[in-house]
Amino acid sequence: MIRMITVLIGGMFLDGYILGIIGPLSGRMAEDLELSVVWQGLIAAAALIGILIGSPLGGWAADKWGRKPIFMFDIGLFAIASGMQFFIDSPLWLLVVRLLMGIAIGCEYAVGWPLMAEFSATHLRGRLMGAMEIAWYAGFMVAFLIGHLLAAYTDLSWHFILGTSTFIAVALFLARLGLPESPRWLWSVGRKDEARALAEKYMPDDALDDVQHEDVRKGSFGMLFSKQHWRSTLFISAFWFCAVTPYFAIATFADSVLNQYGLGGGLAGGVGLSAIALAGVVVTVLLIDKAGRRILCVPPQWLCAVVLAIIGLWAGAPGPVVLVLFLVFSFFNAMYTTLTGVYPSEVLPTEIRGIGTGFAAAVSRVGAGIGIFLMPMSMEALGAGPTMLIAAAVALAGAGLSQWLAPETKGKTLTQAASGYSH
């Protein structure tokens, strides 16, 4: 179980890493490959577009053929695609490789969170799944730091710096060899004897008992929009979309955003925003199984909408005030973003947990991709104020939706959480 937790957390670290490493190298890549603003946006968003493709496909495959085959396939694909970055010499090939890496990460999203939920004890489930978000933010921050330092203080090419993710991927692939299939999935497809044997060996007693309450039922994509599950699908998808769209736009282009407000970006600005976000995730993980999910989901979203609106409307705000507001946004946005990885696995049953998580991840990456692609153009065409007001509107929509639909799943087994959808 410790090895399973470690490699699942490692997969999320890797996702944050490949998305964080691109920012500090964007200037050097643009100069070397003579990239236009459109090409810069496409390459920055390529991994997110790949996640959009890989998440639903990986989720569908994980529900149909099991968690384990997809668990190994995605990290193998990632390692190969990441290694290709060492040899890139054109914008098109860089786009293709980053797209393949995104597809692999999308599969990881669709199988990683369900696996963590399906192996976890009820009283630890929130913290373990939240730890995966800690890993994502840590990966993003570490990558930003490594990318900045290596680009500034070494003669290493941007190809090599981008390719450092390959070493992490190969280590994770080797560590995943020999890990078991999910007993919950085995039970849901009628392989009860195998499920019971693995559950007795790898799962805590309360989880073992809950496995035997699983339905043996074939899942389908259409079930996500059935009378029983449409509210869950709408909530996890739109909530995730609204949570990550402003964050990705601001964090990926932290340098240019902070510079627009007369603040020094660079290492301190980019790492500072990521470090504060990481602190927000850590606080959420410490509280999630005690305070519950809803209290950590809804109020912080209202606060972030207000903060972004203030930044957008207060055109002449002093630089230090703007910086504090950005840090407040980063902290509380990270708090509720932690729940985007927890809720999908809790509110959907085993037979559609993979495809549902994958679908929600895909929708969220549409938002993240839009944010990254449009941010530099919006800052250039509209200016910082209107751009921040657009971000505030997205956060406001997420707050209203969550006020309406966010459930409380604290203390419930997976079967209980998925069978009843209530506030």
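Of the 423 residues of the protein chain, 60% count as buried, where buried means under 20% relative accessible area, exposed over 50% and partly exposed in between (1.4 Å probe, protein chains only). The model is a predicted one, in which local features need pLDDT of at least 70 and side-chain atom pairs count only at pLDDT 80 or more, while totals for chains, interfaces and linings use all residues. Residues are numbered from 1 along each chain as its sequence is written, and side-chain values use heavy atoms, with hydrogens and water left out.

The protein chain holds 19 helices and zero strands; helices (H or I, at least four residues) and strands (E, at least two) are DSSP runs, numbered from the N terminus. Among contacts with a separation of 6 or more in the protein chain, 85% involve residues 24 or more positions apart, contact being defined as heavy atoms within 4.5 Å.

Helix α1 (residues 2–20) packs against α5 at an angle of about 150 degrees, with the axes 10 Å apart. Axes are lines fitted to C-alpha atoms, for helices over the stretch in contact, and angles run from 0 to 180 degrees between N-to-C directions. The crossing of α1 and α5 is left-handed (near helix turned anticlockwise from the far one by less than a right angle; right-handed if clockwise). Residues making this contact include Val7, Leu8, Gly11, Met12 and Asp15 of α1, and Glu108, Tyr109 and Trp113 of α5. By class, the contact of α1 with α5 comprises 15 nonpolar, two polar and three charged residues. Here Ala, Val, Leu, Ile, Met, Phe, Trp, Tyr, Cys and Pro count as nonpolar, Asp, Glu, Lys and Arg as charged, and the others, Gly among them, as polar.

Helix α3 (residues 37–65) also meets α5, their axes coming within 5 Å and crossing at roughly 35 degrees. This crossing is right-handed. The contact of α3 with α5 has 20 nonpolar, seven polar and one charged residues.

Two residues of α5 were examined individually. Glu108 lies in helix α5 (residues 91–119) and counts as buried because its relative accessibility is 3%. The side chains of Glu108 and Arg176 are joined by a polar contact of 2.7 Å, a polar contact being a pair of N or O atoms within 3.5 Å; within protein, one must be able to donate a hydrogen and the other to accept it, and residues adjacent in sequence count only if both atoms are side-chain atoms. Not counting residues up to four places away in sequence, Glu108 touches Val7, Leu8, Gly11, Phe71, Asp74, Trp113 and Arg176. Tyr109, also in helix α5, is buried, with a relative accessible area of 1%. With neighbours within four places in sequence left aside, the contacts of Tyr109 include Met12, Asp15, Ser55, Trp240, Thr357 and Ala361.

Helix α17 (residues 350–381) contains Ala360, which is buried at 0% relative accessibility. Ala360 and Ser237, 123 residues apart along the chain, have C-alpha atoms separated by 4.2 Å. Beyond four places in sequence, Ala360 touches Ile236, Ser237 and Trp240. Phe359 lies in helix α17 as well, and its contacts, with neighbours within four places left aside, are Pro56, Phe221, Leu224, Phe225, Thr233 and Ser237.
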